[in-house]
Amino acid sequence: MGFVPLRNRLTEKQAPSSMVTSESPAITSSAPRFLPTTNDDFSQATKALYEREVARGVSENEEIFAGEETISTSKPSWANKYRPRKPRYFNRVQMGYEWNKYNQTHYDYDDPPPKVVQGYKFNIFYPDLIDKAKAPTYRIEREHGRKRGQSFAPAGEEDTCLLRFIAGPPYEDLAFRIVDKEWDYSAKRERGFRSTFDKGILQLHFQFKKIYYRK
């Protein structure tokens, strides 16, 4: 399981999470006729973080990534006290060319091969986390008994796995399907591994280890 270090945990001032109790008032005639049916997080604090990240845009080698997976989870023990909500996010996937032997033979720089996934940048927003001293975590989940380093994918395809993000109340778990390759944990600028939780934002940025092919 990945550990995300905290920064400025005692200096953050964030809006408290909404609480749901058995004494919550009934909907009156002044309420909207059609209430939202989703449990996504639309708080003002989340909106501000989301819009700030969107304003950063995407680089030339990036695309917006929204490969969210539906996961089955049991009802959290705190659900009767806090309204469960799904955190918002703004993620990017990094794309590039892989110059393996086949691609060197059949393509060149004027006619490049199809781009492949080379990394991800996850930005998950948790501004209303109740216990701010406990940072969210993440873990990789491989299906059908597959172990790290094993490949069940057909020839020409890539194995995938689930990357699950876990936080405390009032947030539900969140998962994305990603390409399952070895991560490069180098903090060098060109590789840019980052795993932090600061001011309500969990950032997990990583690229896959490069394989160098002889020409």
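The following conversation walks through a predicted model of one protein, from its overall makeup to a few individual residues.

Student: To start, how many helices and strands does the protein have?
Tutor: This is a predicted model, and its secondary structure comes to 2 helices and 10 strands.

Student: What pattern do they follow along the sequence?
Tutor: Read along the sequence, the pattern is β-α-β-β-α-β-β-β-β-β-β-β.

Student: And how much of the protein is buried?
Tutor: Of its 215 residues, 37% count as buried. The protein exposes about 14100 Å², and carbon and sulfur atoms supply 50% of that area.

Student: What share of the contacts comes from residues 24 or more positions apart?
Tutor: Among contacts with a separation of 6 or more, such residues account for 73%.

Student: Let us turn to the sheet with β5, β6 and β7. What is the order of its strands?
Tutor: It is an open sheet of 3 strands in the order β5-β6-β7, and the pairing is antiparallel. β5 and β7 stand at the edges with a single partner strand each, so one side of each has no neighbour in the sheet. From one strand to the next, the twist averages 25 degrees.

Student: How many bridges join β5 to β6?
Tutor: There are 5 bridges between these two antiparallel strands. In this pairing, R139 stands opposite R164 in β6.

Student: Which residue forms a salt bridge with E141?
Tutor: The partner of E141 is R164, and their closest N and O atoms are 2.7 Å apart. The pair links distant parts of the chain, since E141 belongs to strand β5 and R164 to strand β6, 23 residues apart. Both E141 and R164 are buried.

Student: Which other residue does R164 form a salt bridge with, at 3.0 Å?
Tutor: That residue is D173, with the closest N and O atoms 3.0 Å apart. 

Student: Is D173 buried or partly exposed?
Tutor: D173 is partly exposed, because its relative accessible area is 22% and buried means under 20%. R164 has a relative accessible area of 9%, so R164 counts as buried.

Student: How many salt bridges are there in the whole structure?
Tutor: A search of the whole structure finds 17. One of them joins E53 to R92, with the closest N and O atoms 2.8 Å apart. This pair also links distant parts of the chain: E53 is in helix α1 (residues 44–55) and R92 is in strand β3, 39 residues apart. E53 and R92 are both buried.

Student: Which residues are linked with E53 and R92 in a network?
Tutor: The network of salt bridges links E53, R56, E62, R92 and K121.

Student: Changing topic, which residues touch the most other members of the largest nonpolar core?
Tutor: They are Y120, F122, F165, I178, L204 and F206, in a core of 28 residues. The elements that give two or more residues to this core are β3 (91–96), β4 (116–125), β6, β7 and β10.

Student: How do β9 and β10 pair?
Tutor: They pair in the antiparallel sense over 5 bridges. β9 is mostly covered, with 4 of its 5 residues buried.

Student: Where is K199 found?
Tutor: K199 is in the loop between β9 (194–198) and β10 (201–208). The hairpin of these strands has 2 residues between them, and K199 there takes a positive phi near 55 degrees. K199 is a residue other than glycine.

Student: What is the phi of H144?
Tutor: H144 has a positive phi of about 60 degrees, although it is not a glycine. H144 lies in the loop between β5 (137–141) and β6.

Student: Is H144 buried or exposed?
Tutor: H144 is exposed, because its relative accessible area is 75% and exposed means over 50%.

Student: Finally, which residues does a cis peptide bond join?
Tutor: A cis peptide bond joins P169 and P170, with omega about 10 degrees. P170 is placed in the loop between β6 (160–166) and β7 (174–179).

Conventions. Residues numbered from 1 in each chain as written. Predicted model: local features only at pLDDT ≥ 70, side-chain atom pairs only at ≥ 80, totals over all residues. Heavy atoms only, no water. Buried < 20%, exposed > 50% of the residue type's maximum accessible area, 1.4 Å probe, protein only. Contact = heavy atoms within 4.5 Å. Areas by Shrake-Rupley, 256 points an atom, 1.4 Å probe, with all protein chains shown as cover. Pairing = 2+ DSSP bridges. Axes fitted to C-alpha atoms, helices over the stretch in contact; angles between N-to-C directions. Core = buried A, V, L, I, M, F, W, Y, C linked by side-chain atoms within 4.5 Å. Salt bridge = Lys/Arg side-chain N within 4 Å of Asp/Glu carboxyl O.
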